[in-house]
Amino acid sequence: LRGFAGMTDDMDAARLESMRLTPADPEVAQRAAIFASIVARARAEDLSDVRDAGVVYVCGRDRVGRPVIVLNGRRLPGSGPGLDRVLMYAVLLLENVVTEPYCAVYVHTDSGSENRPEFAWLRRLFEVLPPPYRANVHSVLVLHSTWWLRTAVFFLRTFASETFFTRIKYCDSLRELYAWVAPSQITLPKYAIDVDVAANGACDLDRFEDTRHSEI
């Protein structure tokens, strides 16, 4: 939260103007101002360390052509400046992706308590992200969820829309994930594949290249 607050000094006036904000909507204007400051700071900083860490990245497209982004949970810092740096990098990375419906894949494999952002930070994130980032996420595919994660997601209902939760699909194996995104269209961390193979056996990747998911 501290990182969010500090970014308000870097507001991008041009971006605020493009959003057509009015004084009659001060709460929305304040949120947009904070987001604009995140963008301004992100453009001014070298975020190559976040890129190289493979925390978040864009892959191919899902079964019906929506762009796919991957968030690597085990490499996500739970708090501190590192978390804000991930946010800044993700905002710039997704600027051109969120203009259309997209698919988000969250790899929860082997994530620990040190990879869990605080609820206050997540709430602030939901509040400041502009509509395209939230409204255009068509599906959130969660790989290798845990009881803790599903419980945490339940409590997110206190500040996220009910519609958002209808888009979450839990995939307990690569086979389930590949029903939504073909293997050739997504790059997953090696450890996630190794864990899945150990638990569920190896996948016939050629078979999944031709699979179509009837509910997409």
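User: How many bridges join strand 1 to strand 2 here?
Analyst: Heads-up: this is a predicted model, where local features need pLDDT of at least 70, side-chain atom pairs count only at pLDDT 80 or more, and totals for chains, interfaces and linings use all residues. Residues are numbered from 1 along each chain as its sequence is written, and side-chain values use heavy atoms, without hydrogens or water. Strands are DSSP runs of E, at least two residues, numbered from the N terminus. Strand 1 and strand 2 (residues 67–72) run antiparallel, and the number of bridges joining them is four.

User: Which residue in strand 2 is the bridge partner of valine 58?
Analyst: Two strands pair if DSSP finds at least two bridges between them. Look across from valine 58 into strand 2 and you meet its bridge partner, isoleucine 69.

User: Which are the edge strands of the sheet?
Analyst: The open sheet has five strands in the order 1-2-3-4-5, with mixed pairing. The edge strands each pair on one side only: they're strand 1 (56–61) and strand 5 (168–171).

User: Are helix 3 and helix 5 roughly parallel or roughly perpendicular to each other?
Analyst: Helices are DSSP runs of H or I, at least four residues. The axes (lines fitted to C-alpha atoms over the stretch in contact, with angles from 0 to 180 degrees between N-to-C directions) of helix 3 (residues 26–44) and helix 5 (residues 81–94) come within 9 Å and cross at roughly 90°. Under 35 degrees counts as roughly parallel, over 145 as roughly antiparallel, 65 to 115 as roughly perpendicular and the rest as oblique. So these two helices are roughly perpendicular.

User: Which residues of helix 5 does helix 3 meet?
Analyst: Contact means heavy atoms within 4.5 Å. From helix 3 come Phe35, Ile38, Val39, Arg41, Ala42 and Arg43, and in helix 5 they meet Leu87, Met88, Val91 and Leu92.
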